[in-house]
Amino acid sequence: MKVLVTGASGQVGTELVAELERRRDRVSSGMAIEVVGVSHADLDITAQDEVIQLVRTVVPDAIIHCAAFTAVDACESEAEKAFEVNGRGTGYLAEAADEVGAHLCYLSTDYVFDGTLDRPYRETDPPNPMSVYGRSKLAGEQTLDPSSTIARISWVCGRYGNNMVKTILRIIDQSDGPLRFVDDQHGCPTIVSDLVPMLIDLTASRQGGIFHVTNQGPTTWYEFVRAIVEYAGGDPTRVEPIATKDLVPPRPAPRPMNSVLDHQALVAHGFTLLPDWHEPTQALVRALR
Ligand SMILES: NC(=O)c1ccc[n+]([C@@H]2O[C@H](COP(=O)([O-])OP(=O)(O)OC[C@H]3O[C@@H](n4cnc5c(N)ncnc54)[C@H](OP(=O)(O)O)[C@@H]3O)[C@@H](O)[C@H]2O)c1
C-alpha cells in the first residue's frame, strides 16, 4: 500500500508518517507499505494543478488527508481561506484521488455538530456547525463521495504541534497560579498515538463512510486539565472550573457544548475501539516530560 499523507508536518501527520515508516521497515508486517508525506511547503492543497500533478506522479493507493487550516478562532475572521483550504482543497484531492483510483481518508471534526444534543453524537446525526471552521470542514466532507472515509476526531493531543497537554505542561513550568478551565464543554480527547493505527486500519480496509474516532470516556476541559496536571506531578487543585460564558475574553468561535462522539460505525464494521483516554494521556505526559 503506497500512502500519500498531506499535512505531514502537522500534529497528526508527523506521527502518522513516522508510524507508516516504522511499518514499512518492519519485514514481518504482512503488508508492504510505502509512504510519501507532503508538508505545506511541499504542496499547497489550494493549488489545484499542483495537487493533480503530485497525485499523478506519486500514484498512491491511498491518501490520508491531514492538511487543514486548523486555527479555529482565526477561521472566524479568515472565512475565505478556511473554505479554500478545508473545503475546496479537499475537493481537489478527492478529484485527484478519483483519477488514480486512490482511497481517500479525510480527517474531520466534532465541530460539525452544534452541541445541543443531550447524548453522544452518532455518525448519522445531522451536522449543524456553529463556527466557520466547522462549516469549512463540513464543506470538505461534502466534496467526498460515499466510498471515501471520513474520520471525525476531537480534542486531539499528541507529541507534536499545539494541543492542550503541551499547553498545560508549558503553563505549569512557568507559573503556579490558578488555572481556570471550562467545566460545561463536554467531549472526548483523541490521543494521536491511538488515532494513527486506526487511521491506517480504516484506510487499508478502504471502508467508506463516516467514522467517529476518539478515545473513550467523555470528559470536560476542566477534568481533562486536572488529570494532565496530576500526571505531570503538579497540584490538581490549582485547576478551577469556570463556565464558558465567563471566559475573558470570549473566544471568537463558538464551541459545541456537547461534542461527545458515539463510535457505532467502528463497532458495526468490527473495529476495536480506542481505549479510555486516561492511560494514553498519562503516557503522553510522560513522553513529553
Ligand atoms: N487538532 C484538533 O484538535 C483537531 C480536532 C478535530 C479535527 N482535527 C482535524 O485533524 C486534522 C489534523 O489536525 P492537526 O491537529 O494535525 O492540525 P495541524 O497540526 O494544524 O496540521 C495541519 C497541517 O496542515 C497544513 N496546511 C495548512 N494549510 C495548508 C495548505 N493550504 N496546503 C497544505 N497544507 C496545509 C499546516 O501547515 P502550516 O502550519 O505550515 O500552515 C499543518 O502542518 C485536520 O484536518 C483537522 O481539521 C483536528
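Visitor: Where is the kink in H4 centred?
Guide: In this predicted model, the kink in H4 is centred on Arg88 and amounts to about 30°.

Visitor: And what should the 22 residues of H4 span?
Guide: Helix H4 covers residues 79-100, and at 1.5 Å a residue it should span 32 Å. The end C-alpha atoms are 31 Å apart, which agrees with that expectation.

Visitor: Which residues are buried in H4?
Guide: Among them are Ala82, Val85, Asn86 and Gly87, as well as Gly89, Thr90, Gly91 and Tyr92.

Visitor: Turning to the ligand, how many residues surround it?
Guide: The ligand is surrounded by 22 residues, and the closest are Gln11, His40, Thr70, Tyr133 and Lys137.

Visitor: Which residues have a polar backbone atom by the ligand?
Guide: One of them is Ile45, with such an atom 3.0 Å from a ligand nitrogen. For Gly10, a polar backbone atom is 3.4 Å from an oxygen atom of the ligand.

Visitor: Which element gives the largest share of the shell?
Guide: Strand E4 does, with three residues. Helix H1 (11-25), strand E4 (103-109) and helix H5 (132-142) each supply at least two.

Visitor: How do the shell residues divide into nonpolar, polar and charged?
Guide: Twelve are nonpolar, eight are polar and two are charged.

How values were computed
Residues are numbered from 1 along each chain as its sequence is written. This is a predicted model: local features need pLDDT of at least 70, side-chain atom pairs count only at pLDDT 80 or more; totals for chains, interfaces and linings use all residues. Side-chain values use heavy atoms; hydrogens and water are left out. A residue is near a molecule or strand if one of its heavy atoms lies within 4 Å of it. A polar contact is a pair of N or O atoms within 3.5 Å; within protein, one must be able to donate a hydrogen and the other to accept it, and residues adjacent in sequence count only if both atoms are side-chain atoms. Helices (H or I, at least four residues) and strands (E, at least two) are DSSP runs, numbered from the N terminus. Ala, Val, Leu, Ile, Met, Phe, Trp, Tyr, Cys and Pro count as nonpolar, Asp, Glu, Lys and Arg as charged, and the others, Gly among them, as polar. The expected span of a helix is 1.5 Å times one less than its number of residues. The bend at a residue is the angle between axes fitted to the seven residues ending there and the seven starting there. Buried means under 20% relative accessible area, exposed over 50%, partly exposed in between (1.4 Å probe, protein chains only).
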